[in-house]
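Let's take a walk through this model, one site at a time. Have the viewer open and follow along.

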Amino acid sequence: MKIGVLALQGAVAEHIRSIELAGAEGIAIKKVEELEQVQGLIIPGGESTTIGKLMRKYGFIEAIRQFSDAGKPIFGTCAGLIVLAKSIEGQEEPHLGLMNITVARNAFGRQRESFETDLDVKGIEEPVRAVFIRAPLIRSVGDGVDVLSSYNDEIVTAREGHLLASSFHPELTDDYRLHQYFVDMVKASQAS
Ligand SMILES: NC(=O)CC[C@H](N)C(=O)O
C-alpha cells in the first residue's frame, strides 16, 4: 500500500514517517505523474494560498480532482483541509473545492495561535494528541459529512466518504492513530 504526500510545501517528511508507523509506504509527490503510483494522498499543512498557487502552476488541481473522482482517499491537514474545502470564508474561489465544508482560516485568533490538546475522535478509542498551528476551523458541514471531532464546540475533524480533514497537525507527534485511520480508509477503498 503506497500513500503519497503532496510535496509542494509543508511538513512532508513528518507525514511520511507517520504513514510508515501506520504500516504503509509513504512517497513524496512532486509531479502529477507520481500520483499514479499511490492509492491515497495526504495534503499537508503549510500556507494554503501558497500551496494553492503551486497546485495551479503544476497541474495538481485537475489531477487531484481526477484522483478523488476515482474514489481514492485524500486526507488534508491544516492548510490541506483549507485546500480541500468547497468554501473558504472571505475568499471567492476555493482551491480543490472537493469537500462539502465551509472553513475559516486562522480561526483561533492571536491568543491561541499554537497549542496542543487531547481530542476525542470518533472511531479512535483513546483521545488523540493534537497540535494546532494558526489552524483553520470547519464552520459548517454539508450533506454527507460526518463530524469526527470538535474543540470548544467548533469542528476540527470531519470525513465525507473517501475525504478526511483535520484542523490540526497529526504528523507532529508520535501518535499516528489518525494516519492509521486514513491507512484503513485506503485499504477499504482497495477492497471495494
Ligand atoms: N499550520 C497550517 O497549515 C496553517 C494554515 C495557514 N494558517 C493557512 O491559512 O493556510
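Leaving aside neighbours within four places in sequence, which residues is glutamate 171 in contact with? The list is Ala11, Glu14, His15, Ser18 and Thr77. Before going further, keep in mind that what you're looking at is a predicted model. The protein averages a pLDDT of 96, with 98% of the residues scoring at least 70, and the model comes with an ipTM of 0.94 and a pTM of 0.97.

Back to glutamate 171. You'll find this residue in the loop between S12 and H5. Glutamate 171 has 27 other C-beta atoms within 10 Å, and the cut-off for buried is 20 or more, so this glutamate counts as buried. Histidine 169 sits in that loop too, between strand S12 (163-166) and helix H5 (177-191). Histidine 169 is also buried, because there are 24 C-beta neighbours inside 10 Å. Setting aside neighbours within four places in sequence, histidine 169 is in contact with Ala11, Gly45, Thr77, Cys78, Val131 and Ile133. Ala11 and Thr77 turn up in the contact list of histidine 169 and in that of glutamate 171.

UniProt, in an unreviewed entry, gives Cys78, His169 and Glu171 the feature "active site". These residues span 94 residues in sequence, yet no two of their C-alpha atoms are more than 10.9 Å apart, so they gather at one spot.

Around it you'll see Gly45, Gly46, Glu47, Ser48, Cys78, Ala79, Ile82, Arg105, Asn106, Ile133, Arg134 and Pro136. Sorted by class, that shell has five nonpolar, four polar and three charged residues. Cys78 is a handy link here: it belongs to the ligand's surroundings and to the UniProt "active site" annotation.

Is glutamate 47 buried, exposed or partly exposed? With 15 other C-beta atoms within 10 Å, glutamate 47 is partly exposed. Its place is the loop between strand S3 (40-43) and helix H2 (48-57), and, leaving aside neighbours within four places in sequence, glutamate 47 is in contact with Gln9 and Ala79. Arginine 105, by contrast, counts as buried, with 20 C-beta neighbours inside 10 Å. Arginine 105 lies in the loop between strand S6 (99-104) and strand S7 (114-119). Beyond four places in sequence, arginine 105 is in contact with Ser48, Ile82, Ile88 and Pro136.

Asparagine 106 is exposed, with 12 other C-beta atoms within 10 Å. Check its backbone as well: phi is positive, about 40°, although asparagine 106 is not a glycine. Aspartate 153 also has a positive phi, near 65°, in a residue other than glycine. Look for aspartate 153 in the loop between strand S10 (146-151) and strand S11 (154-160), where it is exposed, with 5 other C-beta atoms within 10 Å.

What about the interior? In soluble globular proteins, nonpolar side chains tend to be buried together. Here the largest nonpolar core has 58 residues, of which Leu41, Leu84, Ala85, Val103 and Ala165 touch the most other members. Alanine 85, for one, touches Pro94, Met99, Ile101, Thr102 and Val103, not counting residues up to four places away in sequence.

Last stop, glycine 71, in the loop between helix H3 (60-69) and strand S4 (74-77). Glycine 71 is exposed, with 11 other C-beta atoms within 10 Å, and touches His162 and Ser189 beyond four places in sequence. Glutamate 14, one of the contacts of glutamate 171, is 57 residues from glycine 71 in sequence and 25 Å away in space, C-alpha to C-alpha.

Definitions and conventions
Residues are numbered from 1 along each chain as its sequence is written. This is a predicted model: local features need pLDDT of at least 70, side-chain atom pairs count only at pLDDT 80 or more; totals for chains, interfaces and linings use all residues. A residue is near a molecule or strand if its C-beta atom, placed from the backbone, lies within 6 Å of it. Ala, Val, Leu, Ile, Met, Phe, Trp, Tyr, Cys and Pro count as nonpolar, Asp, Glu, Lys and Arg as charged, and the others, Gly among them, as polar. pLDDT is the predictor's confidence in each residue, from 0 to 100. UniProt positions are given in the numbering used here, feature names are shortened, and annotations may be inferred rather than shown by experiment. Helices (H or I, at least four residues) and strands (E, at least two) are DSSP runs, numbered from the N terminus. Two residues are in contact if their C-beta atoms, placed from the backbone, lie within 7 Å. A nonpolar core is a set of buried Ala, Val, Leu, Ile, Met, Phe, Trp, Tyr and Cys residues joined through C-beta atoms within 7 Å.
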